[in-house]
Amino acid sequence: MPTLNSISAAIAGTCQEQRKLLNKLLRELEIEASEHTVHQARTSIRRLRVLMELVPDALRDKPYTHVLRELKCLADTLGKKREFDVSWAQGLRVGLIVLNP
């Protein structure tokens with residue numbers, strides 16, 4: 001049966017993996033904010049936030065809550081980018097349909 005320490009270690013390891021992936025994706029976003037990279041970054045942020053929510057309240061400190069707030073802000077910003085991309089693509093399809101009935 002898993003112990004609390006082994007579960008904590010597994011969560012910490014998965015958080016590390018997601019953090020590394022997110023850092024890589026953020027570097028890619030600085031070069032080109034493709035729809036795929038935005039989607040991958042949003043997914044990574046969502047996974048990291050869920051993992052961080054598993055940490056008991058007693059272990060949360062100011063830096064911890066700051067990171068959660070920063071991740072939410074980043075997720076909101078990337079969400080707006082994603083909404084724009086979807087709206088733009090839909091607008092193009094509508095425009096093409098109007099131009100080529």
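Visitor: Which pattern does the chain follow when read along the sequence?

Guide: Read from one end of the sequence to the other, the chain of this predicted model follows the pattern α-α-α. The count of elements is 3 helices and 0 strands.

Visitor: What share of the residues of the chain count as buried?

Guide: A residue counts as buried when its relative accessible area is under 20%, and as exposed when that area is over 50%, with partly exposed in between. Of the 101 residues of this chain, 21% count as buried. The chain as a whole exposes about 7,700 Å², and carbon and sulfur atoms supply 62% of that area.

Visitor: Which residues of α2 are buried?

Guide: The buried residues of α2 are T37, V38, A41, T43, S44, I45, L48, L51 and M52. Two of these show how to apply the cut-off: S44 has a relative accessible area of 1% and is therefore buried, and T43, at 12% relative accessibility, counts as buried as well.

Visitor: What does the side chain of T43 reach?

Guide: The side chain of T43 reaches the backbone oxygen of H39, at 3.0 Å. T43 itself has its place in helix α2.

Visitor: With which residues is S44 in contact, once its neighbours within four places in sequence are left aside?

Guide: Setting those neighbours aside is a way of looking past the residues that the chain itself places beside S44, and what remains for S44 is contact with Q18, L21, L22 and L25. One of these, L21, is found in helix α1, whereas S44 has its place in helix α2. L21 is partly exposed, because its relative accessible area is 33%. The C-alpha atoms of L21 and I45 are separated by 9.5 Å, although these two residues are 24 residues apart along the chain.

Visitor: Which residues have the most contacts inside the largest nonpolar core?

Guide: That core has 15 residues, and those with the most contacts inside it are L22, A41, I45, L48, M52, L71 and L78. Helix α2 gives the most, with 6 residues. As a case to follow in the structure, L48 is in contact with C15, Q18, R19, L22 and L71, leaving aside its neighbours within four places in sequence.

Visitor: Are C15 and C73 buried or partly exposed?

Guide: C15 counts as buried, because its relative accessibility is 16%, while C73, at 46% relative accessibility, counts as partly exposed. A search of the whole structure finds 0 disulfides.

Visitor: How far apart are T77 and R42 in sequence and in space?

Guide: They are 35 residues apart in sequence and 9.6 Å apart in space, taken from C-alpha to C-alpha. T77 has its place in helix α3 and is partly exposed, with a relative accessible area of 47%. For the chain as a whole, among contacts between residues at least 6 apart in sequence, 55% join residues at least 24 apart.

Notes: Residues numbered from 1 in each chain as written. Predicted model: local features only at pLDDT ≥ 70, side-chain atom pairs only at ≥ 80, totals over all residues. Heavy atoms only, no water. Helix = DSSP H or I, 4+ residues; strand = E, 2+ residues; numbered from the N terminus. Buried < 20%, exposed > 50% of the residue type's maximum accessible area, 1.4 Å probe, protein only. Polar contact = N/O pair within 3.5 Å; in protein donor to acceptor, adjacent residues only side chain to side chain. Core = buried A, V, L, I, M, F, W, Y, C linked by side-chain atoms within 4.5 Å. Contact = heavy atoms within 4.5 Å. Disulfide = S-S within 2.5 Å. Areas by Shrake-Rupley, 256 points an atom, 1.4 Å probe, with all protein chains shown as cover.
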